[in-house]
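Here is a short briefing on one protein chain. Look at the model first, then read the points below.

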Amino acid sequence: MKNGLLVLICMILAIGTCGGPLLTRLYYNNGGERIWFMSFISTAGCPVIFIPLVLSFLRRRNRNNSENIEKTEIVLMETPMFMASIVIGLLIGLDNYCFAYGLAYLPVSTTSLIVGTQLGFNAIFSFFMVKQTFTSFSINAVVLLTAGTGILALRGGDGERSADVSHKEYVVGFLVTLTAAVLYAFILPFVELTYKKVRQQITFTLVLEMQLVMCIAASCFCIVGMLVEGDFKVIPIEAREFKVGGGSAFYYMLILMTGIVYQGLFLGAIGVVFCASSLASGVLISALLPVTEVLAVVCFREKFQVEKGVALLLSLWGFVSYFYGEFKSGKRIINKTQLQETELPPLPVSVSAVA
């Protein structure tokens with residue numbers, strides 16, 4: 001059951017990781033300029049979480065009715081997890097702003113290569129915060145994915161800066177995006193640490209409740225920024241003047257799609273932490289970044305140097321290495337369990353035998 005859920009979550013994560021930056025770039029390329037608005041969109045799709053939460057509640061209520069249990073709790077989350085979720089949500093809001101800022105001034109491929117550095121930071125934070133155990137396969141995956149990012153960084157910005165982006169804006173965008181990578185690398189093990197520290201049984205329903213609170217907190221953080229920048233006054237004008245799709249209708253459809261896709265990225269990342277670990281989530285995201293770069297080349301005609309092809313191969317190699325190690329580790333645990341079950345218990349020693 002959990003393996004099937006993990007596969008589904010990985011598919012959702014793949015769609016969000018690859019689709020979110022592309023839709024954001026489409027927004028910026030065609031007249032969109034509201035960075036706080038795009039930060040808000042990253043978590044504004046959180047109402048979709050109510051669908052599985054309602055289904056989970058109905059399922060629990062039917063089960064309780066069959067067992068003659070009168071009361072079915074609507075909310076499972078307790079205060080400690082609620083407070084931790086708010087803190088994490090505010091950090092996510094800040095991270096969303098940093099990422100949206102970077103996409104406003106950098107090509108998708110350049111942004112992806114910077115975000116790929118989160119894996120190295122994630123490994124460090126996971127080791128110190130949740131005592132993540134490293135195997136030769138996970139270390140190999142981290143090295144390969146980080147090497148791929150480093151290769152891309154050798155020529156990441158050569159000839160890719162847009163004519164309307166100044167050198168200062170490009171450098172600031174680079175640094176802010178790097179900040180987003182470090183912050184996101186911290187958030188994932190922070191979530192895993194919360195799972196371990198709260199005195200509650202962590203179920204998938206509880207994870208969904210936590211995600212909902214985090215998204216609401218992140219959205220509120222971004223709404224404050226939108227109010228300060230006056231985004232609510234500018235958005236209707238921006239929609240009418242949007243360069244593609246005939247104006248407002250396509251604009252709002254793009255915003256809706258972007259919100260849904262980014263919600264998939266968020267649900268997928270936190271879901272992988274629940275089903276596996278924060279390091280596994282980081283590895284998956286990093287492995288998908290070169291795919292995003294290829295799509296950016298196809299969709300926006302961004303340059304694809306030889307270095308990007310090498311990085312893609314290294315990332316796929318790292319991805320396979322990590323999951324092969326996880327497969328072997330899981331198989332070893334299963335074999336050990338089966339061996340313990342088949343072993344006969346030792347015969348009791350009688351008093352007469354001792355005598």
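Tyr27, Tyr28, Phe242, Phe250, Tyr251 and Tyr252 form one aromatic cluster. Rings of Phe, Tyr and Trp (its six-membered ring) pair if their centres lie within 6.5 Å; planes under 30 degrees apart count as stacked, over 60 as edge-to-face and the rest as tilted. This is a predicted model: local features need pLDDT of at least 70, side-chain atom pairs count only at pLDDT 80 or more, and totals for chains, interfaces and linings use all residues. Residues are numbered from 1 along each chain as its sequence is written, and side-chain values use heavy atoms, with hydrogens and water left out.

**Overall build**
- The chain has 14 helices and zero strands. Helices (H or I, at least four residues) and strands (E, at least two) are DSSP runs, numbered from the N terminus.
- Of the chain's 355 residues, 49% count as buried. Buried means under 20% relative accessible area, exposed over 50%, and partly exposed in between (1.4 Å probe, protein chains only).
- Take the contacts between residues at least 6 apart in sequence: 84% of them join residues at least 24 apart. Contact means heavy atoms within 4.5 Å.

**Aromatic pairs**
- The structure holds 14 aromatic pairs.
- The ring centres of Tyr97 and Tyr101 are 6.1 Å apart and their planes meet at 50 degrees, so this pair is tilted.
- Both Tyr97 and Tyr101 sit in helix H4 (residues 79-105), four residues apart, or about one turn of the helix.
- Tyr97 is partly exposed, at 22% relative accessible area, whereas Tyr101 is buried, at 17%.
- The rings of Phe125 and Phe186 have centres 5.5 Å apart and planes at 80 degrees, so that pair is edge-to-face.
- Phe125 belongs to helix H6 (residues 118-129) and Phe186 to helix H8 (residues 167-197), so the pair ties together parts that are 61 residues apart in sequence.
- Phe125 is partly exposed, with a relative accessible area of 24%. Phe186 is partly exposed too, with 26%.

**Nonpolar cores**
- The largest nonpolar core has 83 residues, and Tyr27, Phe37, Val191 and Tyr195 have the most contacts inside it. Helix H11 gives the most to this core, with 13 residues.
- A nonpolar core is a set of buried Ala, Val, Leu, Ile, Met, Phe, Trp, Tyr and Cys residues joined through side-chain atoms within 4.5 Å.
- Beyond its neighbours within four places in sequence, Tyr195 is in contact with Met81, Ile202, Val207, Met210, Ile270, Val273 and Phe274.
- Another core lies apart from the largest one; its five residues include Leu106, Leu113, Ile114 and Tyr170.

**Ser219**
- Ser219 lies in helix H9. Is Ser219 buried or exposed? Ser219 is buried, with a relative accessible area of 7%.
- Not counting residues up to four places away in sequence, Ser219 touches Phe40, Thr43 and Ala44.

**Largest pocket**
- The largest pocket has a volume of about 810 Å³. Of its 29 lining residues, Leu5, Pro52, Phe204, Thr205 and Leu208 are the closest to its centre.
- On a 1 Å grid over the protein atoms alone, a pocket is an open set of points where a 1.4 Å probe fits, with protein on both sides within 12 Å along at least five of seven lines; lining residues have an atom within 4 Å of a point. Grid points are joined across faces, edges and corners, and a volume is the space filled by probe spheres set on the points.
- Helix H11 supplies the largest share of the lining, seven residues.
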